[in-house]
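User: I am new to this structure and would like to go through it in questions and answers. Please start with the overall pattern and then turn to details.

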Amino acid sequence: MAHVAFHGEWATTITVVNTSNAAAQFTLAFYDDNGNALSLTTTAGTGAVLSGTLNAGGSTIIQTNGTSKSISQGWALLVTNNTIAGSAVFGLPFNNNVFVEASCPLDTGVNSQFGLPFDLATAVTGVALANTYQNMPLTVSVTVNDLNG
């Protein structure tokens, strides 16, 4: 997952879904922008690493609930030997309880490609990338297609 933001007025909601027909274990490890362990308080506990087991077809929702006035941000790595999917939605309250939000897919590091939908007509799209190979630089290629491909 490319980004998590919490504290201040920011909040992140992480949804983890087991897409297989057997129970599946997962671990979410959180890091700051320098690759150091990042401890955060969530509805699933406090720490830089959160683990759990999902029933077949089951899911869980993890929300940050920090109360610090300063903003903290970083990224998370999903580790599993199973087929687990999900996303993180981070947002900021705007007007009258309307949230400005963004979504990031969970990434197990197995795929080298992913799709990133965006709305060219009415919204602004930002992209955050995290290199989980801390000692190895990576080359990133980007292809942008319109509705016609």
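User: What pattern does the chain follow along the sequence?

Analyst: This is a predicted model, in which local features need pLDDT of at least 70, side-chain atom pairs count only at pLDDT 80 or more, and totals for chains, interfaces and linings use all residues. Residues are numbered from 1 along each chain as its sequence is written, and side-chain values use heavy atoms, with hydrogens and water left out. Helices (H or I, at least four residues) and strands (E, at least two) are DSSP runs numbered from the N terminus. The chain has zero helices and 10 strands, and its pattern reads β-β-β-β-β-β-β-β-β-β.

User: How is the pair of Y31 and W75 classed?

Analyst: The structure holds one aromatic pair, where rings of Phe, Tyr and Trp (its six-membered ring) pair if their centres lie within 6.5 Å, and planes under 30 degrees apart count as stacked, over 60 as edge-to-face and the rest as tilted. The ring centres of Y31 and W75 are 4.6 Å apart and the planes meet at 25 degrees, so the pair is stacked.

User: Which parts does this pair tie together, and how far apart are they in sequence?

Analyst: Y31 belongs to strand β3 (residues 24–32) and W75 to strand β8 (residues 72–79), so the pair ties together parts that are 44 residues apart in sequence.

User: Is W75 buried or exposed?

Analyst: Buried means under 20% relative accessible area, exposed over 50%, and partly exposed in between, with a 1.4 Å probe and protein chains only. W75 has 7% relative accessibility, so W75 counts as buried.
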